[in-house]
Amino acid sequence: LPRQYRPKLEKGEEPFPSMSHVSVTILSTTPSVEALSQAIEMAMDTHPLLRSHVEGDGEPDERIDLFQMVRRGESNPCTFVAPNEKTFTSKDVLRVVDVDGADTDALTKSWQDNFSTDIDDGSWYKIANKGPLWRLTLHRLNNGDQCALVFASNHAISDQGSVNMLMDQLIADVASIEENGTILNKAASREMP
């Protein structure tokens, strides 16, 4: 997605990195991958930005000042598109990392390494016109105790308040699936913001 001004690619300057948003949630027990996958599918049904991609390059027709920051015209604006039929599923956004060891220090190191990488490297979602623009990584210990969920996305689709609400929904849905075999209190579907 474009920034207010762009580097001079023709002069060999590097393109700007995408802006990533990363958050971690620590759970006292590890959910099943199947329950987590079902909860993710439900979340994508509920929240259009989780199944969206970007159309348009967002570049202006002309940059009209010395620093190339003032923009005139936008013939191909960036638009978030969330098709009703899914173009990707939980298999495209959920990664599972089995942590070597059974202690919380090993778990902490695993999710912190993932966090550090994802905050600086958004290369995995560079194809914004295809999606997905987010992923969830489950870091789990061999003994089934504590786990960590690392949510990473292009910052254009999330902020921390939204991530908190999404994680609350995912965890509640996972608990319901594991206890009742289904989601008893389904979230209301949202419109594209």
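**Helix α4.** I began with helix α4 (residues 160-180) in this predicted model. I found helix α4 lying across β1, β7 and β8. Relative to β1, helix α4 runs at about 35°.

**The sheet.** I noted four strands in the order β1-β8-β7-β6. The sheet is open and its pairing is mixed. I asked which strands stand at the edges. These are β1 (20-27) and β6 (94-99). Each has a single partner strand, so one side of each is left without a neighbour in the sheet. On average, and with direction ignored, neighbouring strands of this sheet are turned by 20° against each other.

**Helix α1.** I recorded that helix α1 (residues 33-46) also packs on this sheet, where it touches β6, β7 and β8. The direction of helix α1 makes about 160° with that of β7.

**The β7 and β8 pair.** I next examined how many bridges join β7 to β8. There are seven, between residues 134-141 of β7 and residues 147-154 of β8. The two strands run antiparallel. Within this pair, I located Trp-134 opposite Ser-153 in β8.

**Cysteines.** I checked the structure for disulfides and found zero. For Cys-78, I noted a relative accessible area of 31%. This value lies between the 20% and 50% limits, and Cys-78 is therefore partly exposed.

Technical notes: Residues are numbered from 1 along each chain as its sequence is written. This is a predicted model: local features need pLDDT of at least 70, side-chain atom pairs count only at pLDDT 80 or more; totals for chains, interfaces and linings use all residues. Side-chain values use heavy atoms; hydrogens and water are left out. A disulfide is a pair of cysteine sulfur atoms within 2.5 Å. Buried means under 20% relative accessible area, exposed over 50%, partly exposed in between (1.4 Å probe, protein chains only). Two strands pair if DSSP finds at least two bridges between them. Axes are lines fitted to C-alpha atoms, for helices over the stretch in contact, and angles run from 0 to 180 degrees between N-to-C directions. Contact means heavy atoms within 4.5 Å.
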